[in-house]
Amino acid sequence: MGETHSLEERFQAYVDAENKVEPKDWMPEKYRKTLIRQISQHAHSEVVGMLPEANWITRAPSLRSKLILLAKVQDEAGHGLYLYSAAETLGADREDMIKDLLSGKAKYSSIFNYPTISWADMGAIGWLVDGAAIANQVMLCRTSYGPYARAMVRICKEESFHQRQGYEIMMQLARGSEEQKAMAQDALNRWWWPSIMMFGPRDEDSPNSAQSMKWKIKRKSNDELRQEFIDKTVPQAEFIGLTIPDPDLKWNEEKGQYDYGEINWEEFYQVIKGNGPCNAQRLAARQKAYDDGKWIREAANAYAEKESKRKAEKVA
């Protein structure tokens, strides 16, 4: 007991000194499990997050728009792969992680359980959803676990491109016809609140935040990140002539930040529980992809086994 306590103290001192924890280093079991939960949830979010946007690939308004959207969806698939690989360095099994997603045991970002009903939604997702993701993920470039931090460097660079692409769509629509501006405003109205829910529950209702911050897995709290996102995004909306759908939103001169209205936490928790507009649809799509890809996985495994035997025979 004393030895374990001493190891944990040394681990905390190591992390406090801003050192990176690597896969072969000793770490508390709770630290490992916390990271597996967070990284796998992040990976699931990237993979499920492809679905709302893939819905518009065949209906993009121009070839340029189609190419950009294709590249973005491809990036999200790559992000999922980086993150599943990072979780595997902690001893997690990829097959188990995917089965947990498909069974509903594992969670992913609640934002992807909303429908994309217009082209403007592609702009709102890029601008707001990816913008919120960047706010969360930039700090993860300095997370205490080395493989996760290194994966996030590339992911953040690509997410920055995604956000610029989304803002460009919203700007074009806002400066277009009255119908186009109305489409952009409608998308902002529908995606604003789910986007600020992305940062998770209030700090007092987030059971894992304090320990994650102590271990430097997280660097800022949910409410801090949410506030920073709102303060950055409101001027961007004003610049293109759109209105944030929050009647209580106002600048607080004393605090130097925006005050904002109450979030509908009941909606947030219902979506998390699987009762959102598209929860069942998203998991059904992932299940179909998993089932349809079974023969590819089996063929790849058979080939790898064959190659391994061939190499072993050569050595013998």
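How much space lies in the second largest pocket? About 380 Å³, in a model that is predicted, with local features needing pLDDT of at least 70, side-chain atom pairs counting only at pLDDT 80 or more, and totals for chains, interfaces and linings using all residues. Residues are numbered from 1 along each chain as its sequence is written, and side-chain values use heavy atoms, leaving out hydrogens and water.

**Second largest pocket**
- A pocket here is an open set of points on a 1 Å grid over the protein atoms alone, where a 1.4 Å probe fits, with protein on both sides within 12 Å along at least five of seven lines; lining residues have an atom within 4 Å of a point.
- Of the 14 lining residues, Val47, Leu81, Tyr84, Ile98 and Arg286 are the closest to the centre.
- H5 gives the most to this lining, with five residues; helices are DSSP runs (H or I, at least four residues) numbered from the N terminus.
- The lining divides into ten nonpolar, no polar and four charged residues (Asp, Glu, Lys and Arg count as charged; Ala, Val, Leu, Ile, Met, Phe, Trp, Tyr, Cys and Pro as nonpolar; the others, Gly among them, as polar).

**H2 meets H5**
- In H2 (residues 29-48), Ser40, His44 and Val48 meet Met97, Ile98 and Leu101 of H5, where contact means heavy atoms within 4.5 Å.
- Four of the residues in this contact are nonpolar, two are polar and none is charged.

**Largest pocket**
- Its 41 lining residues include Arg37, Gln41, Met198, Phe199 and Gly200, which lie nearest the centre.
- This lining has 17 nonpolar, 15 polar and nine charged residues.

Conventions. Helices (H or I, at least four residues) and strands (E, at least two) are DSSP runs, numbered from the N terminus. Grid points are joined across faces, edges and corners, and a volume is the space filled by probe spheres set on the points.
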